[in-house]
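Hi,

Here's the structure I promised to pass on. Have a look at it first, and then read my notes below.

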Amino acid sequence: MEIAEMEVIPVAHREPPLRNSWGAHSELAARTIVRVTTRDGEVGVGETYGDERVVDALEGAVDLVEGRDPYEVRPLELRLQDPMVYGAIDTALVDLLGRAHDEPAYNVLGGRVRDEVAFSGYLFYKYADSDPDAAAVAPGEVLSAEAMVEEARQFVDLGGFETLKVKGGVLPPDEEVRTLELLAEEFGRDTPLRIDPNGTWSVETAVRLATRLRELDLNLQFLEDPVPSMNAHARLKRRVDYPVATNMFVTEFDHIAPAVELDAVDVVLSDHHYWGGMRGNVRLDDVAGTFDLGIGMHSNSHLGVSMAAMAHVAAAMPALRYACDSHYPWMADDVVTDPLSFEDGCIEPEGPGLGVELDEGELQRLHERYEEGDPLAYSSVSSMAAEYADAMADVGRSDWLPNKPRW
């Protein structure tokens with residue numbers, strides 16, 4: 001086989017006003033679809049982030065990909081020297097090889113070690129949607145512990161999620177702990193919970209809250225990025241008995257040795273978008289197993305191609321110990337003909353390849369939306385901070401900055 005064409009197709013999809021420690025998501029977010037086609041007509045697709053740097057870098061890689069044997073990936077990875085750019089291409093090539101040989105993508109990665117992949121119900125504090133009728137789930141404002149319980153009920157009813165994750169770093173920490181307490185009261189004390197404050201707590205605050213969480217006897221799986229640096233994580237781990245997870249401070253292979261040396265983390269949250277694609281995630285899983293680190297899976301706002309890729313790669317990762325994250329239930333737009341669905345919080349990946357087909361009409365519609373808008377406004381910390389700053393100005397707090405630690 002020889003790759004005849006690589007297409008880079010940025011798209012803009014609708015996004016709910018989800019809150020996090022940097023601010024609030026803007027109304028539109030950008031993703032990029034990568035499609036490769038061989039001379040004999042075989043096709044593979046991948047998906048990644050949609051900011052201008054990624055789009056430009058992918059477009060710059062076209063000449064390196066076209067004319068290449070799709071099995072010849074290591075030289076391509078070395079030439080690109082960019083795990084995020086290579087990751088999108090790698091996903092498309094794994095899909096291509098799976099389709100060409102009528103095999104699911106997880107078999108291209110070495111075979112599955114689990115039949116179905118569990119995902120968490122990923123809960124966000126949020127503003128009310130500007131168009132509630134267009135929201136995929138939970139259109140109303142969620143800025144209290146009680147409102148978060150109602151949001152969680154919608155998620156559980158929608159997908160049967162058995163693990164619940166709260167995106168924290170938004171409300172005062174004690175209110176976020178109260179949110180976890182109410183979730184446990186609503187769904188049962190044995191319900192696996194987790195919280196991700198994105199580094200907004202100081203070590204002292206995190207120690208106090210961890211002590212409180214232990215007193216409440218919640219089934220908290222881990223604290224994800226509670227404090228704002230790898231060194232702070234190491235200091236925290238010496239004082240609390242909860243596992244500590246990260247996707248902020250261990251995001252490439254060179255970070256693993258310092259994290260192990262400092263004993264800074266227990267769980268690394270993988271992500272095929274920036275760990276060098278699906279095959280890079282499998283390599284990460286091997287390294288994590290060597291050091292007895294747990295593996296979970298991070299997510300950001302994504303569409304159906306990435307959802308399928310996440311399920312396939314997770315199925316092939318033995319060290320993965322935790323339900324994966326996913327923003328997918330929040331998404332009202334998609335580029336695949338048959339959107340994936342959750343059953344008992346799980347997805348069973350299917351082939352051939354990723355097992356999804358692009359909806360050409362939706363792909364074109366979302367690409368036109370991207371072309372008509374401002375790509376610099378999408379999917380960036382500055383855009384989220386701007387959205388939140390505008391909202392704070394309405395209540396007389398126009399000087400807000402995403403400083404960390406905040407509490």
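Strand E4 (residues 28-38) is mostly covered, with ten of its eleven residues buried. Strands here are DSSP runs of at least two residues, labelled E and numbered from the N terminus, and buried means under 20% relative accessible area with a 1.4 Å probe, protein chains only.

Before going on: this is a predicted model, where local features need pLDDT of at least 70 and side-chain atom pairs count only at pLDDT 80 or more, while totals for chains, interfaces and linings use all residues. Residues are numbered from 1 along each chain as its sequence is written, and side-chain values use heavy atoms, leaving out hydrogens and water.

E4 has two partners worth a look. With strand E1 (residues 3-14) it pairs antiparallel over eleven bridges (pairing takes at least two DSSP bridges between the strands), and glutamate 5 stands opposite threonine 37. Seven bridges join E4 to strand E5 (residues 43-49), also antiparallel, and there arginine 31 has tyrosine 49 as its bridge partner. In the E4–E5 hairpin, with four residues between the strands, glycine 41 takes a positive phi near 95 degrees.

Cheers

Notes: Buried < 20%, exposed > 50% of the residue type's maximum accessible area, 1.4 Å probe, protein only.
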